[in-house]
Amino acid sequence: MKAAAVGFTCIDVYEDGRRYATGNGVNVLFHLKKMRTDLEGAVVTAVGKDDYGQLMLDTCRDHGLDTSHISVVEPGQTAFVEMRMNGRDRIHHRTERGVITDYTLSPSDLAFVQQQDLIHTDLSWKVTAHLPAMREKGAKIYFDFSKRWQHPDVEEICRNINYGIFSFEENTPDVAALLQKGCALGAEILIATFGDQGSMACDGQRMYYQDIVPCKALENTCGAGDSFGAGFLNGLFSGQDIQTSMRMGAELAAQVVGIFKPYF
């Protein structure tokens, strides 16, 4: 199985000095790599020629991912996010996008991405116009909308992806309608997560619901959605049904929120 995280990556920087190479797609691939011995994972992004860029390269390599399509921009600043903690919840205090601001796919990067079985990407770069070409040779796209369910490109994106995940504060009737509409536009499966209120998925035919799996001791909610997505995708690509895959996502998320880092 070949999978690539395409687009935004960054370094999370905490006040106490801890720094982690991260990004939604990177987090998902780190987890999938640990769960699937058949996974050939790669990261397609840009970093600056600086210490943060080197941290990203080293961390991806340490987790067994291909970094040959990480463009190193010289001179350039690697994207980073200043993180703050509100109890056990993390807050994005300030984001410096650096070289990712104008990031786009080169022809060689696009050709590489088209060879994948699974592509993870999100709205943190100018992605919408690339989606049809990214999957025109059969790659499945998993799209992280985060909290941006009102973004003007949501409908167009749903026409050009296979799977997607949204993050909400609470479950309202509007959420189910959004998932149903997105599946009617073309998405195979759409997921909504609700923090400690569990998750919901739609395949265009029916709705599925999953409670959280309690963690032993909550440490940091950072990475909960990405770990849920990784567990879900692992189930789906292992031949499990949607309900079982959601349970696998909830189980992995429960483990990750019990550690400070967004991945193991």
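1. In which helix is Thr 59 found? In this predicted model, Thr 59 belongs to helix H2, which covers residues 51–62. Its relative accessibility is 11%, and because buried means under 20%, Thr 59 counts as buried. Leaving aside neighbours within four places in sequence, the residues in contact with Thr 59 are Ala 21, Phe 30 and Tyr 263.

2. Is Thr 9 buried or exposed? Thr 9 has 3% relative accessibility and therefore counts as buried. The side chain of Thr 9 is joined to that of Thr 45 by a polar contact of 3.1 Å. Not counting residues up to four places away in sequence, Thr 9 also touches a set of residues including Thr 22, Gly 23, Val 26, Val 43, Ala 46, Val 47, Met 56 and Ala 79.

3. In soluble globular proteins, nonpolar side chains tend to be buried together.

4. Ile 161 deserves a separate look. Beyond its neighbours within four places in sequence, Ile 161 is in contact with Leu 131, Ile 141, Phe 143, Phe 145 and Leu 190, among others, and its contacts also include Arg 135 and Glu 188, together with Gly 186 and Ala 187.

5. How do helices H1 and H7 cross? The axes of H1 (residues 24–35) and H7 (residues 224–237) come within 8 Å and cross at roughly 45°, which means that H1 is oblique to H7. The residues that make the contact are Asn 24, Asn 27, Val 28, His 31, Leu 32 and Met 35 on H1, and Asp 226, Ser 227, Ala 230, Gly 231, Leu 233 and Asn 234 on H7. The crossing of H1 past H7 is right-handed.

6. H7 also packs with H8: their axes come within 7 Å and cross at roughly 145°, and H7 passes H8 in a right-handed crossing. Among the residues making this contact are Ala 224, Phe 228, Phe 232 and Leu 236 of H7, and Ile 242, Met 246, Gly 249, Ala 253 and Val 256 of H8. Ser 227, Ala 230, Gly 231 and Asn 234 of H7 take part in the contact with H8, and these residues are also listed in the contact with H1.

Note on methods
Residues numbered from 1 in each chain as written. Predicted model: local features only at pLDDT ≥ 70, side-chain atom pairs only at ≥ 80, totals over all residues. Heavy atoms only, no water. Buried < 20%, exposed > 50% of the residue type's maximum accessible area, 1.4 Å probe, protein only. Polar contact = N/O pair within 3.5 Å; in protein donor to acceptor, adjacent residues only side chain to side chain. Contact = heavy atoms within 4.5 Å. Helix = DSSP H or I, 4+ residues; strand = E, 2+ residues; numbered from the N terminus. Axes fitted to C-alpha atoms, helices over the stretch in contact; angles between N-to-C directions. Parallel < 35°, antiparallel > 145°, perpendicular 65-115°, else oblique. Left-handed = near helix turned anticlockwise from the far one by under 90°.
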